[in-house]
Amino acid sequence: MRIGSSIFLIALGAILAWAVAPGLIPFVDQVLIGYILIAVGVIGLIASLILASPGRTRRVSESRSVVDPNTGERITRNESRDGGL
């Protein structure tokens, strides 16, 4: 669930809970459904904000050493990069 869909659920729940006359939909407690949609939207909004925030960055370092067979010289190569998802 993304931020936009979470805000949509919050808005839809608020409309059902406070703006629509009770009893408009028969056999359904639309106020309760509105509160449930608001809660799900808030939980989704919090989760999407946590997942979208930049977390710890990982730094990956590699070191490779090889010996040149012609000269016998040791060649070391160091490589660093950011490890991400």
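This dialogue explains how to read several features of a predicted model.

Reader: Which secondary structure elements does the chain hold, and in what order do they run?

Author: The secondary structure comes to two helices and two strands. Read from the N terminus, the elements run α-α-β-β.

Reader: How spread out is the chain in comparison with a compact globule?

Author: One compares the radius of gyration with the value that the globule rule gives for the number of residues. Here the radius of gyration is 28 Å, well over the 12 Å that the rule gives for 85 residues, so the chain is more spread out than a compact globule. Along its principal axes, the C-alpha trace spans about 90 × 20 × 15 Å.

Reader: What share of the residues counts as buried, and what is the accessible surface of the chain?

Author: A residue counts as buried when its relative accessible area is under 20%. The accessible surface of the chain comes to about 6900 Å², and 65% of it belongs to carbon and sulfur atoms.

Reader: Which residues of α1 are buried, and where do they lie around the axis?

Author: The general idea comes from the geometry of the helix. An α-helix has 3.6 residues a turn, so residues three or four places apart point the same way. In α1, the buried residues are Ser 6, Leu 9, Gly 13, Leu 16 and Ala 17. They cover an arc of only 95° around the axis, which puts them on the same side of α1. On the other side, Phe 8, Trp 18 and Ala 19 are exposed.

Reader: What do the buried residues of α1 pack against?

Author: Their partner is helix α2, residues 30-52.

Reader: Which backbone atom lies 3.4 Å from a polar atom of the Gln 30 side chain?

Author: That atom is the backbone nitrogen of Ile 25.

Methods: Residues are numbered from 1 along each chain as its sequence is written. This is a predicted model: local features need pLDDT of at least 70, side-chain atom pairs count only at pLDDT 80 or more; totals for chains, interfaces and linings use all residues. Side-chain values use heavy atoms; hydrogens and water are left out. Buried means under 20% relative accessible area, exposed over 50%, partly exposed in between (1.4 Å probe, protein chains only). Helices (H or I, at least four residues) and strands (E, at least two) are DSSP runs, numbered from the N terminus. The arc is that of the directions from the helix axis to the C-beta atoms. Contact means heavy atoms within 4.5 Å. The radius of gyration is taken over C-alpha atoms; the globule rule is 2.2 Å times the number of residues to the power 0.38. Accessible areas come from the Shrake-Rupley method with a 1.4 Å probe; for residues, only the protein chains shown count as cover. A polar contact is a pair of N or O atoms within 3.5 Å; within protein, one must be able to donate a hydrogen and the other to accept it, and residues adjacent in sequence count only if both atoms are side-chain atoms.
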